[in-house]
Each structure stands twice: as C-alpha cells, then as structure tokens.
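Visitor: I'm new here and would like to learn how to read a structure like this one. Could you walk me through it?

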Amino acid sequence: MTTAPTTTDPAGPVVRIAGLRKAFGEREVLTGIDLEVRAGEVVCVIGPSGSGKSTLLRCANLLEEPTGGEVEVLGVDVTDPDVDIDRVRTHVGMVFQQFNLFAHKTVLENCTMAQRQVLKRSRAEAERIARANLERVGLADRADAHPAQLSGGQQQRVAIARALSMDPQLMLFDEPTSALDPELVGDVLGVMRDLADGGMTMIVVTHEMAFARDVGDRVVFMDGGVIVEDGPADQVIGAPREARTRTFLQRVL
Ligand code: ADP
Ligand code: MG
C-alpha cells in the first residue's frame, strides 16, 4: 500500500519552487522561478511558445532535472538525490497535449493498469474506481472501447480519468486542449472546471484565456524563462501590470 508523502507542515504549500533554474547544455531556459501553489488552488500558466512553461511543469515532477534552485512537491524536496521520486509522482497526475493512451488496451484497461501495478489494487477495486472516474468525465458508456474509436476530446477525458484513478493530490496539465479540434475543447475544459470546483489543486498551462480567467485563482505569465507577472486571474488577464503581459494578451485575445 502506497502512503501519501507526509508534509512536515500540513498547511504548507502543495508546490514550493524557489530560484528554479534549468539549462539544456549551455542554454538556460528557466532563469530563476519562484512559485507556490497552495492546496485547492488553481494556477494557470500562460505565455508565448518557448517561454519555459512545459519545462517548469516537467521540473515539478522531475521529468526534467533542475540545474539549480529548490522544488518541493507535497512537502518532499524532489531535488534531494535520495528522494523516492516515484513515491511523489504517484500522487501527481499529469495530463499532456498528447493523450498517450495505450492503443491496444481498452479505455477501462488504460484506467486500471497503473492502479494495479503501482498502487497494487485488486482488479475489482481498480475497475470500480476507473468506472467512477469515467463517469465523472462523462464516458461511463465507453469503458470497453479502444482509444482509436474515440474522438480526441474523449481520449483526453480518458487520460484525465486515468490520472484521477490514482487519487492525485496535485494535477498538472500541459496544454491539454491544444491538439483538439475546436468543437471538442469545451468538453475537456468542462471536466477540468468540475475538478477545480471540487477542490483539486491544479497547475494548468493553457492558451485558453477565458478558462484561465474564469477558473484560475491565479494566473502566471511567463516569458523568456522567468515569471513576469503572477496575480489574481482577473487582474493579470483583465488589467495586467507589466507591458510584456499586455503585449502577449493583445496578440492572443
Ligand atoms: P513552452 O512550453 O513555453 O513552449 P518549453 O518549456 O517547451 O516552452 O521550452 C523552453 C525552451 O527550452 C525552448 O527554447 C525549447 O526549445 C527548449 N527546450 C525544451 N526542452 C528541451 C530539451 N529537452 N533540450 C533542449 N532544449 C529544450
Ligand atoms: Mg509547452
């Protein structure tokens, strides 16, 4: 049985990033990021392509190794060389632009595999939890389908149900709707909105400004490997303080 990492301070932030740096070879793409996310908070990250948004998310669960600074997730210092990173990752759900479902497995199997392998749940329990989460994303009736039989939006909702089936304490989304046809975006955003309303702690990289403004508690604007502006969603999108944020928003709104 995998137990949740114990935070030294239960009221402490779910994510605490301080002075985070990341270089690829000679090139530093994150040059000192400070970011805290508290339990139940929804933080939307916006910014131009190449500004380091994905690298930031990937550093948060050690898909990339930081070259400097501190990253604490669920109270665990994930840059500690002795950290059991898999134990932390188990509690962090990640949803990408590409859904990464197993094509030869059914929807239900996609949602039960990690539960059985990582959490050691029985088949019956894993299936019960998977079906409950498929219900939550509106796909209870597609449990026996294969991914190729589903639309992109449905596949992304399966990816979300799969992540939720691991009982995450934090969900990271990296442009989850960017690969979807426009008419399929709304259903996925609706599922994410429900999650946010249910109190899930989320970091969402997105180009959907209406979503960021309505659902985000905070919006973080990144440019050139730094956080340029971080504040309440309405303020950052509705009345940005920084010229670079304004220029970006004028281009995308
Ligand atoms: P965003 O998600 O905001 O578009 P990324 O975090 O993907 O930005 O990328 C930030 C910068 O880091 C880009 O210039 C990108 O080319 C570079 N980069 C990202 N991943 C790698 C990598 N694995 N190797 C080298 N450069 C990378
Ligand atoms: Mg990206």
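Guide: What follows is a short tour of a ligand site, a helix, a loop serine and a database record.

Guide: This is a predicted model, where local features need pLDDT of at least 70, side-chain atom pairs count only at pLDDT 80 or more, and totals for chains, interfaces and linings use all residues. Residues are numbered from 1 along each chain as its sequence is written, chains are lettered from A and ligands numbered from 1 in the order in which they are written, and side-chain values use heavy atoms, with hydrogens and water left out.

Visitor: Which residues surround ligand 1?

Guide: A residue is near a molecule if one of its heavy atoms lies within 4 Å of it. Here the shell consists of F24, R27, V29, P48, S49, G50, S51, G52, K53, S54 and T55. These split into 3 nonpolar, 6 polar and 2 charged residues (Ala, Val, Leu, Ile, Met, Phe, Trp, Tyr, Cys and Pro are nonpolar; Asp, Glu, Lys and Arg charged; the others, Gly among them, polar).

Visitor: Which helix or strand gives the most to that shell?

Guide: Helices (H or I, at least four residues) and strands (E, at least two) are DSSP runs, numbered from the N terminus. The top contributor is α1, with 3 residues; β2 (27-37) and α1 (53-60) each supply at least two.

Visitor: Which atoms of K53 lie 2.8 Å from an oxygen atom of ligand 1?

Guide: For the ligand, look for a pair of N or O atoms within 3.5 Å, called a polar contact. In K53 a polar side-chain atom sits at that 2.8 Å. With G50, a backbone N or O atom is 2.7 Å from a ligand oxygen, and with S51 the distance from a backbone N or O atom is 3.2 Å. Ligand 1 alone exposes 550 Å², and the protein buries 62% of that (Shrake-Rupley method, 1.4 Å probe).

Visitor: How many residues of α1 are buried?

Guide: Buried means under 20% relative accessible area, counting protein chains only, with a 1.4 Å probe. In α1 that holds for 6 of 8 residues: K53, T55, L56, L57, C59 and A60.

Visitor: And where is S165?

Guide: S165 is in the loop between α5 (152-164) and β7 (170-174). S165 is buried, at 0% relative accessible area, and its side chain reaches the backbone oxygen of A161 at 2.8 Å.

Visitor: Which residues does UniProt list for "domain: ABC transporter"?

Guide: The unreviewed UniProt entry gives 15-249, in the numbering used here, and annotations may be inferred rather than shown by experiment. That span is 37% helix and 26% strand.

Note on methods
A polar contact is a pair of N or O atoms within 3.5 Å; within protein, one must be able to donate a hydrogen and the other to accept it, and residues adjacent in sequence count only if both atoms are side-chain atoms. Buried means under 20% relative accessible area, exposed over 50%, partly exposed in between (1.4 Å probe, protein chains only).
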